[in-house]
Amino acid sequence: MCLSRYKVAAGVAVSNMDRARAFYEGKFGLLVGVDSCDDLRYQCAEGTVFHAYLSPLRTASLKKSFPPQPTLHECQRARLSE
């Protein structure tokens with residue numbers, strides 16, 4: 001089977017969503033299709049998707065040093081008030 005014949009989606013776990021967003025949007029010019037605070041999905045050609053999500057393992061180790069991330073509900077409420 002030759003993978004190059006098929007549409008694929010890529011995903012990457014990140015430790016910092018703000019830095020990831022700045023990188024993928026700034027360096028690659030990707031436009032966000034879905035943004036749910038800890039999950040970014042960028043629409044690409046022919047219906048393909050690039051997915052960046054907050055790493056649960058990295059998040060668990062950072063909880064000792066940083067305050068918890070806002071919940072999805074809190075994030076949506078904050079965006080609505082902007």
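Contact here means heavy atoms within 4.5 Å. The model is predicted: local features need pLDDT of at least 70, side-chain atom pairs count only at pLDDT 80 or more, and totals for chains, interfaces and linings use all residues. Residues are numbered from 1 along each chain as its sequence is written, and side-chain values use heavy atoms, with hydrogens and water left out.

**View 1. Surroundings of A52.** A52 contacts V12, V14, M17, D38, D39 and L40, leaving aside neighbours within four places in sequence.

**View 2. The largest nonpolar core.** A nonpolar core is a set of buried Ala, Val, Leu, Ile, Met, Phe, Trp, Tyr and Cys residues joined through side-chain atoms within 4.5 Å. Buried means under 20% relative accessible area, exposed over 50%, partly exposed in between (1.4 Å probe, protein chains only). The largest such core has ten residues: V14, M17, A20, Y24, L30, L40, Y42, F50, A52 and L54. Two or more of these residues come from each of α1 (17-28), β3 and β4. Helices (H or I, at least four residues) and strands (E, at least two) are DSSP runs, numbered from the N terminus.

View 3. Strands pair if DSSP finds at least two bridges between them. β2 (residues 32-35) runs antiparallel to β3, and three bridges join them. V32 has Y42 of β3 as its bridge partner. Three residues lie between the strands of this hairpin, where C37 takes a positive phi near 70°.

**View 4. T48 in its loop.** T48 sits between β3 (39-43) and β4 (49-54). T48 is buried, at 17% relative accessible area. A polar atom of the T48 side chain lies 2.6 Å from the backbone oxygen of A45. T48 also touches K7, V8, Y42 and Q43, not counting residues up to four places away in sequence.

Definitions and conventions:
A polar contact is a pair of N or O atoms within 3.5 Å; within protein, one must be able to donate a hydrogen and the other to accept it, and residues adjacent in sequence count only if both atoms are side-chain atoms.
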